[in-house]
Amino acid sequence: MDPLHDFDQDLRWVFDSGENRIKTYPAMVHEAAFGYLNRYNVFRDGFNKNYICYLLPFWLGRTWAVDGDVCRKISLSGLYKYFYFLIQDAVMDAPPGEYQAGLLPLGNLFYLDFLEIYRNLLPEDSYFWQSMMK
């Protein structure tokens with residue numbers, strides 16, 4: 001098993017879908033949003049090798065026989081969630097006076113897209129939503 005390239009077709013869907021979604025974001029955040037996406041895109045030179053954020057659904061999906069479409073959507077949502085937390089961290093770590101105003105709205109767009117995918121996958125009475133409220 002090649003832990004990365006066994007899922008190339010699925011990952012192309014994930015990154016293509018992410019790119020298509022980011023194209024609908026306001027123009028003022030395109031550069032930063034595509035920067036995050038491209039930094040983690042396994043099909044780009046010099047990508048960040050922290051690929052557990054988008055490969056875990058495929059690894060677990062094989063073990064638990066989860067539908068491939070569901071794994072792709074969870075993988076995409078994982079990217080959005082990961083980008084959201086990266087942005088939160090960047091904003092908190094920014095030295096005084098170096099706050100990047102566009103990052104928080106971008107982080108919120110990523111977070112909303114993460115939630116939208118989960119809303120479409122999980123029923124409202126799912127334990128996932130209950131645990132989010134605790």
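Partly exposed lies between buried, under 20% relative accessible area, and exposed, over 50% (1.4 Å probe, protein chains only).

A word on the source. This is a predicted model, where local features need pLDDT of at least 70, side-chain atom pairs count only at pLDDT 80 or more, and totals for chains, interfaces and linings use all residues. Residues are numbered from 1 along each chain as its sequence is written, and side-chain values use heavy atoms, leaving out hydrogens and water.

Back to Glu-116. Which residue does Glu-116 meet in a salt bridge? The partner is Arg-119, at 2.7 Å, N to O. A salt bridge here is a side-chain nitrogen of Lys or Arg within 4 Å of a carboxyl oxygen of Asp or Glu. Side chains of opposite charge can pair when their charged atoms come close. Glu-116 and Arg-119 are three residues apart in helix H5 (residues 103-121), so about one helical turn separates them. Helices are DSSP runs (H or I, at least four residues), numbered from the N terminus. Arg-119 is partly exposed too, at 45% relative accessibility.

How many salt bridges does a search of the whole structure find? Seven. Here is another one: Asp-69 with Lys-73, at 3.1 Å, N to O. These two sit four residues apart in helix H4 (residues 68-93), so again the separation is about one helical turn. Asp-69 is partly exposed at 28% relative accessibility. Lys-73 is partly exposed at 31%. This pair also belongs to a network of salt bridges, which links Asp-10, Asp-69, Arg-72 and Lys-73.

Next, Glu-19 and Lys-23. Their closest N and O atoms are 3.7 Å apart, and they form a salt bridge. Glu-19 has 26% relative accessibility, partly exposed. Lys-23 has 48%, also partly exposed.

Now, helix packing. The axes of helix H2 (residues 30-40) and H5 come within 10 Å and cross at roughly 55°. Axes are lines fitted to C-alpha atoms, for helices over the stretch in contact, and angles run from 0 to 180 degrees between N-to-C directions. H2 and H5 are therefore oblique to each other. Oblique is what remains after roughly parallel (under 35 degrees), roughly antiparallel (over 145) and roughly perpendicular (65 to 115).

Which residues make the contact? From H2, they are Ala-32, Ala-33 and Tyr-36; from H5, Leu-103, Leu-106 and Phe-110. Contact means heavy atoms within 4.5 Å.
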